[in-house]
Amino acid sequence: MGFKVIVTGATGLVGEGVILECLASDKVSEVLMVNRRPSKMIHPKLKELIVPNFFKLDEFTEQLKDYNACFYCAGISSNGLTEADYTKITFDTTLHFANVLVKHNPKMIFCHVSGSHTDSTEKGRVMWARVKGKAENELMKLPFAKVYNFRPGAMKPTRGQKNVKGYYKIISALFPVFRLLFPNNTCTVAKVGQAMINSVFKGYPKQILEVKDIKLLAENQL
């Protein structure tokens, strides 16, 4: 019997790709997309919950109960944002979402998409890396059954994905070259989704998964 999962970020590259992997997997019985705006994705296993403001997630607690996992894929680039604005989206929103979920699903496994070169010390010079590091550290303190932070590098989109921005089209076209030159910094969105699914069934000895860990978990090479 498959598990039930909540996924955020369906209108973004990673979230859309992760959902596609969940829908294709017999390990997943139900997917609830929690979106700020409607998605055009349709599938018998797929449900959608529109939450325009994630800080008001408390109003939807009944729809969020009895799920086995959450794949938190929502996020935004730091380009053009102040540290305060980026922190509100990347740290405050994520932690609020997680805190609401853990109250009603304490046995849940929470998978969080972070980023390669995230700063766990929270003291480095790179703003986005500090903020993501703080988010990772605080998530790991929450009383979920398990928390995993995924740090994918350059990602190749899955064929058929709609939410692919210009630079990801370039990455996709040049992926064989990137993979050859930077094997520890390149991954596919499909592998991220497969690794998340396997984390629910098999677990992983680390809570922070770099690209090499994501590939191992996706391919069941544990």
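Reader: Which residues of H3 are buried?

Author: Happy to start there, keeping in mind that this is a predicted model. A residue is called buried under 20% relative accessible area. In H3, the residues that count as buried are Met127, Ala129, Arg130, Val131, Lys132, Gly133, Ala135, Glu136, Asn137 and Leu139.

Reader: Is H3 largely enclosed or largely open, and how many of its residues are buried?

Author: Helix H3 is largely enclosed by the rest of the structure, because most of its length is covered. The count behind that is 10 of the 13 residues.

Reader: What covers the buried residues of H3?

Author: Both helix and strand elements take part. The cover includes H2, S5, strand S6 (146-150) and strand S9 (208-209).

Reader: How far apart are the end C-alpha atoms of H3, and what span should its 13 residues have?

Author: Helix H3 covers residues 127-139, and at 1.5 Å a residue it should span 18 Å.

Reader: Nice. How many cavities of 30 Å³ or more does a search of the whole structure find, and how much space lies in the largest cavity?

Author: Rolling a probe the size of a water molecule over the atoms shows where empty space is left. Searching the whole structure this way turns up one cavity of 30 Å³ or more. The space in the largest cavity is about 50 Å³.

Reader: Which element supplies the largest share of the lining of the largest cavity?

Author: The lining consists of Tyr72, Ala74, Gly75, Ile76, Tyr86, Ile89, Thr90, Thr94, His112, Val113 and Lys132. Helix H2 (83-104) and strand S5 (109-113) each give at least two of the lining residues. The largest share, four residues, comes from H2.

Reader: By class, what residues make up the lining of the largest cavity?

Author: Lys132, a buried residue of H3, is also part of this lining. Sorted by class, the lining has six nonpolar, four polar and one charged residues.

Reader: Let's turn to Val200. Is Val200 buried or exposed, and which residues does Val200 touch?

Author: Val200 sits in helix H5 (residues 189-201). Its relative accessibility is 18%, so Val200 counts as buried. Leaving out residues up to four places away in sequence, Val200 touches Phe3, Ala69, Phe71 and Ile109.

Reader: And for the whole protein, what percentage of the residues is buried?

Author: The protein has six helices and nine strands. Of its 222 residues, the buried share is 52%.

Terms used: Residues are numbered from 1 along each chain as its sequence is written. This is a predicted model: local features need pLDDT of at least 70, side-chain atom pairs count only at pLDDT 80 or more; totals for chains, interfaces and linings use all residues. Side-chain values use heavy atoms; hydrogens and water are left out. On a 1 Å grid over the protein atoms alone, a cavity is a set of points where a 1.4 Å probe fits but cannot get out, and a pocket is an open set with protein on both sides within 12 Å along at least five of seven lines; lining residues have an atom within 4 Å of a point. Grid points are joined across faces, edges and corners, and a volume is the space filled by probe spheres set on the points. Ala, Val, Leu, Ile, Met, Phe, Trp, Tyr, Cys and Pro count as nonpolar, Asp, Glu, Lys and Arg as charged, and the others, Gly among them, as polar. Buried means under 20% relative accessible area, exposed over 50%, partly exposed in between (1.4 Å probe, protein chains only). Contact means heavy atoms within 4.5 Å. The expected span of a helix is 1.5 Å times one less than its number of residues.
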